[in-house]
Structure formats: structure tokens, C-alpha cells
Amino acid sequence: MLVKNALHKDDWVITHDPLTLDLRDRQLHVDLGAEKLIAAQKDNQQIAVEIKSFVAPSNVSEFHMALGQFLNYRLILRLKQPQRILYLAVPLDIYEDFFSEELPQLSLKEYQIKVLVFDPELEVITQWIN
């Protein structure tokens, strides 16, 4: 909800909540409480947003899961909805703390992960990292 509100404030229209991605033999559907994949549109831009809250005890484990899901979603999006750009949404405090460490920075660069940083208190997008 926080990311959806932040996107609304940035004039995005939520088009799919959750966004379901279908493959021939398996349906990929993500809706794990606060962690999900949504889609939005603004002008001629279409995005998908993988929302991660990083509330588990280990940020590294959460990052591994987020990265794996991100790569899978991006692969399927390229097949099914190539016009849609995928972003990983992370809270501002996690981005400023954990994501400033070497492993996340190297991973973001190596895998060309686009990040949407949001402030969960103000429910606003603070940064788009492309």
C-alpha cells in the first residue's frame, strides 16, 4: 500500500495489483502480504514494481530472494510485456544502510537492477535509480 500511495502521488496509475505473469507450464503470481509485484503506467511509460520491505532478520537473505525474484520477473517480462520496465522498490532506510554496502552495490551494477526508493512514512518516492 505504501508504494502504491507513493506511485499515486507521483502521478502513476496502478494498472495491475498484483501483476500476474503467465508462462506456458506455470503461472507466476506473487502476493505475499507487503511483498508483491504491481504494475503502473504514466504517460507512455509502463513499469512493474517488485516491492520488498526487508523485515526479516537477515537483509542478506532478503536481498538474495529479492534479487532472484527480480531476475525471474525481468526475464518473463521481457517475453510477455517487453515495454514494461521492472523496478525493485525498497524502503529509504534499507537503501541508505544495507544497499550502500559492497555486495548490494556490486549486484545492482552487475545485474543492472533498477531501484525505486520510497519513504514509508511520507509514502513518497525519494529516488529512481536506473
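Predicted model: local features only at pLDDT ≥ 70, side-chain atom pairs only at ≥ 80, totals over all residues.
Which residues of H2 are buried?

**View 1. Buried residues of helix H2.** Helix H2 comprises residues 59–80. Its buried residues are Glu62, Phe63, Ala66, Leu67, Gln69, Phe70, Tyr73, Arg74, Ile76 and Leu77. With 22 residues at 1.5 Å a residue, H2 should span 32 Å, and the distance of 30 Å between its end C-alpha atoms agrees with this value.

**View 2. The β-α-β unit formed by S6, H2 and S7.** Strand S6, helix H2 and strand S7 together make a right-handed β-α-β unit. S6 (residues 45–51) and S7 (residues 84–91) run parallel and are joined by 6 bridges. Of the 7 residues of S6, 6 are buried, so the strand is largely enclosed by the rest of the structure.

**View 3. The largest pocket and its lining.** The volume of the largest pocket is about 270 Å³. Its lining consists of 15 residues, of which Arg74, Arg78, Ile85, Gln112 and Lys114 are the closest to the pocket centre. H2 and S7 each supply at least two residues of this lining, and the largest share, 4 residues, comes from H2. By residue class, the lining divides into 8 nonpolar, 3 polar and 4 charged residues. Arg74, named here beside the pocket centre, is also one of the buried residues of H2.

**View 4. Glutamine 112 in the loop between H4 and S8.** Glutamine 112 is located in the loop that lies between helix H4 (102–110) and strand S8 (115–119). Its phi is near 50 degrees, a positive value in a residue other than glycine. Glutamine 112 has a relative accessibility of 60% and therefore counts as exposed, the cut-off being over 50%. Gln112 is also among the lining residues closest to the centre of the largest pocket.

**View 5. Aspartate 11 in the loop between H1 and S1.** Aspartate 11 lies in the loop between helix H1 (2–9) and strand S1. Although aspartate 11 is not a glycine, its phi is positive, at about 70 degrees. The residue is exposed, with a relative accessible area of 58%.

**View 6. The cis peptide bond between aspartate 17 and proline 18.** Aspartate 17 and proline 18 are joined by a cis peptide bond, for which omega is about 5 degrees. Proline 18 belongs to the loop between strand S1 (13–16) and strand S2 (20–22).

Note on methods:
Residues numbered from 1 in each chain as written. Heavy atoms only, no water. Buried < 20%, exposed > 50% of the residue type's maximum accessible area, 1.4 Å probe, protein only. Pairing = 2+ DSSP bridges. Right-handed = clockwise from strand over helix to strand, strands pointing away. Expected span 1.5 Å × (residues − 1). 1 Å grid on protein atoms, 1.4 Å probe; cavity = no way out; pocket = protein on both sides within 12 Å on 5 of 7 lines; lining within 4 Å. Points joined across faces, edges and corners; volume = space filled by probe spheres on them. Nonpolar A, V, L, I, M, F, W, Y, C, P; charged D, E, K, R; others polar.
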